[in-house]
Structures are given as structure tokens and as C-alpha cells.
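Please keep the viewer open while you read.

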Amino acid sequence: MWQIIKKYWVWLLLVLFALGIPIGFLWYVDDGGTQNTIYYTFEIVGGVGTLFAVIIALFNNDLQRLYHRPNIKIDLIPATLGSDTRAQGQQLQVNKYFRNLCIKNEGDIQASECELYIESIKINDRVVKEDVVVKWGTNMERSFIPAGGHRTINFVEIKPAPDYMKSDAADPVPPVNNLRGQMLLNGEAIPEDWYGNAFVVTFAVYSISTAEPVRKNIRINYNGQWSANQAEMERFININCL
């Protein structure tokens, strides 16, 4: 309560005097004149001040939410395809490509009890999947996001399709290029008929600290090809926020 008063004390004083002075003049009496006007003005100011103190005490949490709140944003990282590589002889071998979901809190207080959902996936405005819970890390359905912090969720992975992995070695090696890739969305392989079709994924973050859920639409179009060359791979797939 006192933090609010300290921060906005000038405005509170202006409101008090704005209310007190005209009311004081209404109680202007002939036998007291200006003296009574000043007296009643300060009486009203004191009364209104007490009323403000009571209101602030009763509605402290609600008033704080007016000025201090989470500000949740959903974005994609990295800006382009990320890649996971490993040493294969004297060369780096690409194991997979990925894009992650970044849920940021740009507000000045923590966002608590956050839940993340895929509300819907649409192809040509037709809903093909909906109401999927997205886990925060190790099987957590709820988490918090500190003020100024963020959470990163594995969103899209693209790997060589299992049929195209060279399995003649003890440790299978991904193919180099121009073969088939497999996309995993939220850890699950997408259906075959999604390849070559643009689909829109709607994410939503719910939190007890925000009045409304925060949503973000992400458009994905992947033709299903694989290449170990990242520049070439980026021609096969397009992922962007709408």
C-alpha cells in the first residue's frame, strides 16, 4: 500500500484538493467567511484522504495489478533454422534442424501457473487437430515465467526420415541431401498429407496472472525434403509468425 502512495502521492494530493476545495466553498457561511472555507476545505481533504487510505488497504492487490502486471509474448527462436551437428570423421554431420518457441514475460511481475496449449492446427481453414497440451520441459503442465524471463519449448524438429538413415553402421548416419525428411511437431511426427501443405498452428498461454490468454499463430510449410546444407534446407521449409 505504502509503495503505491509513495509512487503516486502527488496525484493523490491533487485529487484531494480538487475534491476538497469546491466542497469547502459549498460550506461557506456568512459568519465565518474565508476562515470557515479553509477549515471545511481541510476537513474534507482529511476525510477524503482517510477514504482513499481505506480503499487502498481493501483493494491493494487489485490496484497493484493496474500498474504491475506480466506481459507475455510468444515468438520463435532462432530467427532462422537451428541445427544440431556432430563430428563425423573430419566433417560436421547435421543430425536435425529445429525451431523453438520462446515465451517471454516483458512485464514487471511474475506470470504464475502458466499453461501452454496448441489450441488448433488448421489446413486451408479446416481444423485437423486441437486442444493439445504442451509440456514445459520435463513433463510439467504448469510453470511460471519470472519478470524479464522466458521459457523455451522445443517446437519443430526436422530429421532424416527413418527409412533413409544409413543403418549399415553401428551408429546410423543421416543422409547428405535430396532425400526424405521427417517433421516432428511438439515431439510427434506430422501426418503424411501435411507435407507440401501450409498449416497454421495456434498457440495459447494461460496464466492466473493475466486476464486473457495470449495467442500466437504460426504458419508452417514443409515439402518433406532433406539436405545437410542449411541454405538449401531453408528453401524446403518456411516457418513464420502471423
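## Cysteines, core and polar residues

Cys102 is buried because its relative accessibility is 6%; buried means under 20% relative accessible area, exposed over 50%, and partly exposed in between, with a 1.4 Å probe and protein chains only. Cys114 counts as buried too, since its relative accessibility is 0%. How many disulfides does the count come to? The count is 0 disulfides, where a disulfide is a pair of cysteine sulfur atoms within 2.5 Å.

A word on the ground rules: this is a predicted model, in which local features need pLDDT of at least 70 and side-chain atom pairs count only at pLDDT 80 or more, while totals for chains, interfaces and linings use all residues. Residues are numbered from 1 along each chain as its sequence is written, and side-chain values use heavy atoms, leaving out hydrogens and water.

**The whole protein.** You will find 4 helices and 12 strands here; helices (H or I, at least four residues) and strands (E, at least two) are DSSP runs numbered from the N terminus. Of the 242 residues, 35% are buried. Contact means heavy atoms within 4.5 Å, and among contacts between residues at least 6 apart in sequence, 63% join residues at least 24 apart. The accessible surface comes to about 14600 Å², with 53% of it belonging to carbon and sulfur atoms; these areas come from the Shrake-Rupley method with a 1.4 Å probe, and for residues only the protein chains shown count as cover.

**The core.** The largest nonpolar core holds 39 residues. Such a core is a set of buried Ala, Val, Leu, Ile, Met, Phe, Trp, Tyr and Cys residues joined through side-chain atoms within 4.5 Å. Strand E3 (residues 111–123) supplies the largest share of this core, 6 residues. Among the residues with the most contacts inside the core are Leu101, Phe155 and Met183. Leaving aside neighbours within four places in sequence, Leu101 is in contact with residues including Ile74, Leu116, Phe155 and Ile218.

**Polar residues.** Glu115 lies in strand E3 and is buried, because its relative accessible area is 17%. Its side chain makes a polar contact of 2.6 Å with the side chain of Arg142. A polar contact is a pair of N or O atoms within 3.5 Å; within protein, one must be able to donate a hydrogen and the other to accept it, and residues adjacent in sequence count only if both atoms are side-chain atoms. Beyond four places in sequence, Glu115 also touches Trp136 and Tyr206, among others.

Glu188, in strand E8 (residues 188–189), is partly exposed because its relative accessibility is 48%. A polar contact of 3.1 Å joins its side chain to that of Lys129. Asp108 sits in the loop between strand E2 (91–105) and E3, and a polar atom of its side chain lies 3.1 Å from the backbone nitrogen of Arg69. With 43% relative accessibility, Asp108 counts as partly exposed.

Ser83 belongs to strand E1 (residues 72–88) and is partly exposed, as its relative accessibility is 30%. Leaving aside neighbours within four places, Ser83 contacts Lys96, Tyr97, Phe98 and Gln230.

Here are some C-alpha separations to check in the viewer:

| Pair | Apart in sequence | C-alpha distance |
|---|---|---|
| Ser83 and Arg99 | 16 residues | 8.9 Å |
| Asp108 and Pro146 | 38 residues | 8.5 Å |
| Glu188 and Glu157 | 31 residues | 9.4 Å |
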